[in-house]
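Good morning, everyone, and thank you for making time. Please bring up the sequence and the model on your screens, and I will then talk you through a few parts of it.

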Amino acid sequence: DGHHRSASAWRAGRELQATLLDLIDLALTGKQLHWSVVGPHFRSVHLQLDELVGQWQVLADTVAERAVAIGTFVDGQAGAVAARSLARPLEAGAIEDAAVVRELAHRIAEVSELVRGRTFRRRYLPELSSPANVLVSINTILHERQLEEYFCTLCYAVFDFKRHTVTLANSGVPYPVRKTPGGDWSRIEI
C-alpha cells in the first residue's frame, strides 16, 4: 500500500527533501551571482556560473525524482526554499568577480557539508554526493569552457598530535601546495 511506507523510506524522503531545497537555494544563489558579477574575469565567471547552476538544477531534479520513486512527494516551491535557507541574502548590485568566486566557494562548501552529513548519502545517492565526484563535475565544466587557468581541488588532512603526523588525501587532481610566509610556493608530496 502506497500510504504505508517504511520508517527508513520516510527518513530517506525527508533527507531528500532537505537536499532538494539546499540545491534549489544554491542554484538561485548561483543565478543571483551570475547576474551581479563584474570585473576583469566577468565573462569566464559568468559562463561558469551558468554551467554550475545548470548542473545543480539537474541534481535537484534527480533528487526530487528519487524521492518520488520511494514515495515522497517533494516541495520545491519558493516558500519552502526560503523557509529552509540558512544562507544570508546576497546584497543586490554589482559584486567583484573575486568576491563572487569566494562567496560561491563558501556556499558550495556549506551545501556540501549539509548533504554529506545526511545519513542517506551513502545508501541512496553515492554517485552524486561524494566529494571526488563533485570535484570531477566542476573540473569537467571548467575544462569544457576552456578555463584551464581554473581548477577545483580538495585536500583532506588528519592531524595526529600524539604521533606528530599529518595524513593527506587529495581528490586525484594536482597535489596541494603550500605557501610560506616568505611567499614561496612548494608542492606537498603525498
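I will begin with the chain as a whole and then turn to its helices.

What you see is a predicted model, in which local features need pLDDT of at least 70 and side-chain atom pairs count only at pLDDT 80 or more, while totals for chains, interfaces and linings use all residues. Residues are numbered from 1 along each chain as its sequence is written, and side-chain values use heavy atoms, with hydrogens and water left out.

The secondary structure of the protein comes to seven helices and six strands, where helices (H or I, at least four residues) and strands (E, at least two) are DSSP runs numbered from the N terminus. Along the sequence, these elements follow the pattern α-β-α-α-β-α-α-α-α-β-β-β-β. Of the 190 residues in the protein, 31% are buried, and by buried I mean under 20% relative accessible area, with exposed being over 50% and partly exposed in between, for a 1.4 Å probe and protein chains only. If we take contacts between residues at least 6 apart in sequence, 59% of them join residues at least 24 apart, a contact being heavy atoms within 4.5 Å.

Let us now look at helix α2, residues 42-69, which has 28 residues and reaches 40 Å from its first C-alpha to its last, close to the 40 Å expected at 1.5 Å a residue; that expected span is 1.5 Å times one less than the number of residues. The buried residues of α2 include Val 45, Leu 49, Leu 52, Val 53 and Trp 56. After the helix comes Gly 71, whose phi is positive, near 95°.

On the α2 side, Phe 42, Val 45, Leu 49, Leu 52 and Trp 56 meet Asp 97, Val 100, Val 101, Leu 104 and Ile 108 in α4. The residues of that contact divide into nine nonpolar, no polar and one charged.

I will finish with two single residues. Thr 62 has its place in α2 and is partly exposed, with a relative accessible area of 22%; its C-alpha is separated by 9.0 Å from that of Leu 20, 42 residues apart along the chain. Gly 13, found in helix α1, residues 7-36, is buried, with a relative accessible area of 1%. Leaving aside neighbours within four places in sequence, Gly 13 is in contact with Ile 70 and Thr 72.

How values were computed
Nonpolar A, V, L, I, M, F, W, Y, C, P; charged D, E, K, R; others polar.
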